[in-house]
Protein chains: 2
Amino acid sequence: MATIKDVAKLAGVALSTASLALGEGGRVSPATRQKVLEAARELNYQKNGFAMDLKRSQTRTIALILSDLSGPYFSELIQSVQDFALSRGYDLIACSSVGGQDSTAVKFLREKRVDGAIVLAHNVSNEVLQESAREGFPIVVLDRVVLGDYLINVLVDGEQGGYEATKYLIEQGHRRIAYISGPVNSYDNIQRYSGYQRALSEHALQELKKWNVIGHFTQEGGFQATKMLILQGDLPEAIFYANDEMALGGMKALAESGIRIPEQVSVIGYDDIFQSQYVQPSLTTIRQPKYEAGSMAAHLLFQALEGQFVNKSYKFSVELVERNSCAPSLVRK
Amino acid sequence: MATIKDVAKLAGVALSTASLALGEGGRVSPATRQKVLEAARELNYQKNGFAMDLKRSQTRTIALILSDLSGPYFSELIQSVQDFALSRGYDLIACSSVGGQDSTAVKFLREKRVDGAIVLAHNVSNEVLQESAREGFPIVVLDRVVLGDYLINVLVDGEQGGYEATKYLIEQGHRRIAYISGPVNSYDNIQRYSGYQRALSEHALQELKKWNVIGHFTQEGGFQATKMLILQGDLPEAIFYANDEMALGGMKALAESGIRIPEQVSVIGYDDIFQSQYVQPSLTTIRQPKYEAGSMAAHLLFQALEGQFVNKSYKFSVELVERNSCAPSLVRK
DNA sequence: AAAACAAATCGAAACGTTTCGATATGTTTT
DNA sequence: AAAACATATCGAAACGTTTCGATTTGTTTT
């Protein structure tokens, strides 16, 4: 691999002059620049990024760290962050934290291979975040509250979401409302669940443990959980799935058992993923301002990067999207 | 930021000893290692990744370059590449080539910030790929044929896919088959379209230009294109959408106009994206072995990285997934 | 024509590591 | 007890850039 040294030699100038000529606004004579550029082309010279980053100790790159690069959930978020980063002349790289503490993502954080990061990955521990964030290296955390210097939290109010979803079902006259849970210790799940509980207790309703089944936030999990609910014999009037993917699986299970939605059971989801509007019947759900949150996260990160003051915590509220998977309860005697 | 120099000083050892102690199998006395580790902890030392990469001139990271990080299409691919990379002790970073020649992605290629790359991004030019690939820096290209040293092609046979889809419709008795196109100069679109043409001409069928409408591979585009088709008054018996996203949009347009699928019009898509099985009616489509292709790409990349011989080109075939959006044509007189 | 200045070029240091050959220390062999 | 060896530590060079202050060259002012 040709280095700038080779280029300089071929062009017959000093190393530093070559660097100047190759750079942006260097004050070199046009003739010299020409010579250097030609030499570079001839040698197929490409600058070594690491050497540059090392010297400059700045990368103009931010990382978006996700627990999983795939999955419909992240699309919108990635998009918004990318749009914003690009508009500020920064590069964005997405890295996955699969592998937990040994993942690419954590390596990027620890070793400061980027100028800052946005994190939405529950498998990156608070400690890592707290240790990594520092002067000149801000981190925006999207999926939980974690306190520390140079750490900024952007939250979507899951408790409110859980509350709204449940309240909506209650207002439709339902009283017996099941909750299909995500992983029990997931921050998102805990939030949504506690909103569900608040709505129930505000209306003096009982929570039935046998209707609280774990579906792991996956479609398959939602399917299985719903099958279990059906097998128990005593069907609830409405089911609140802690995310849309589980709701989709659940609807499939209900359909297979010949149970009509929303006539026999009302179903509500959470997330408003893309396919929710295409399922039959279309799924009533809670929409999270993902694009907005991503955009806000990016915004805050850049502010922090530029040394401006930023609040340490922001919270978004959610919105109920009414579709066709819920119907008023028939008046019971 | 503390450097290894500071650590060494605090621990009272030489710089090189500190480096040894911090590294893996360095031959240092346990006592020294202990001292160094403690000093490092105290100073909250984190190694500088760039300096390391520069010295080592190896990153143990590969890049997956996509034209767009979002979108359901890439999920499976990302997953498979990631699984594979992880199993080989490599990190994966995904970067987007939004921004074309000035994008993060191209920068990563040019500046060799990774050890190798897998590219599925039509907005990265052949020239960039050819210039970037070199000894010790192999590139696997997924979406087109591009020749050169250290360049490896993995293709999914789009021509065959277009052919199969069209042939299936013909075998169901349809004769008047519309093609809703992606961007006209997209490699994928050209492939699929030429398969469509081959199937038609093999069965001595005419292609009607007015039924070849551009839908840009987006849902909105498919919707608009279909609206146009409907407005023309003369509806085809079957529509081949060059991807599922357009088909989804198209189905919505048909439904809005009260046209029944598949009774009045058969619809076939391409890609088998996740939501295709959930739309009503479920969408018959062409499934590409995306996971397999990604896995193969990763496989080949590592072989090349290890200096093993690899073939320069691989081709996968596609598979028709029969669902409910197509029906045999009623016998016409 | 000498002095003053600006522009272009150069040399050297620095960024923070890793690694190699050399030295110092301690242990075994003869 | 001297010689031979293994082990632990050290110093210095190297990776490929950028950048700063110094030097050279050429141009303008007095």
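**Entry 1: ground rules**

Two strands pair if DSSP finds at least two bridges between them. I also noted that helices (H or I, at least four residues) and strands (E, at least two) are DSSP runs, numbered from the N terminus. This is a predicted model, where local features need pLDDT of at least 70, side-chain atom pairs count only at pLDDT 80 or more, and totals for chains, interfaces and linings use all residues. Residues are numbered from 1 along each chain as its sequence is written, chains are lettered from A and ligands numbered from 1 in the order in which they are written, and side-chain values use heavy atoms, with hydrogens and water left out.

**Entry 2: the sheet**

I began with β4 (residues 139–141) and β5 (residues 151–156) of chain B, which pair in the parallel sense over 3 bridges. In this pair I found B:Val141 bridged to B:Asn153 of β5(B).

Next I followed the whole open sheet of 12 strands, with mixed pairing: β11(A)-β5(A)-β4(A)-β3(A)-β1(A)-β2(A)-β2(B)-β1(B)-β3(B)-β4(B)-β5(B)-β11(B). At its edges I found β11 (313–316) of chain A and β11 (313–316) of chain B, each pairing on one side only. Neighbouring strands are turned by 20° against each other on average, direction ignored; the axes are lines fitted to C-alpha atoms, for helices over the stretch in contact, and angles run from 0 to 180 degrees between N-to-C directions.

I then looked at helix α5 (residues 75–87) of chain B. This helix lies across β2 (91–96) of chain A and β1 (61–66), β2 (91–96) and β3 (116–120) of chain B, at about 175° to β1(B); contact here means heavy atoms within 4.5 Å.

**Entry 3: the two copies**

How is chain B superposed on chain A? I found a rotation of 180° with 0.2 Å of shift along its axis, at an RMSD of 0.2 Å, fitted by least squares on the C-alpha atoms of residues with pLDDT of at least 70 in both. That is the relation of a two-fold axis. The copies meet through the same surface, because 98% of the interface residues of chain B are also interface residues in chain A.

**Entry 4: DNA strand C**

I looked up the 23 residues around DNA strand C (a heavy atom within 4 Å). A:Ala14, A:Thr17, A:Thr32, B:Ile4 and B:Ser19 come nearest.

For polar contacts (N or O atoms within 3.5 Å), I checked phosphate oxygens of DNA strand C. One is 2.7 Å from a polar backbone atom of A:Ala14, and one is 2.8 Å from a side-chain N or O atom of A:Thr17.

Notes:
Polar contact = N/O pair within 3.5 Å; in protein donor to acceptor, adjacent residues only side chain to side chain.
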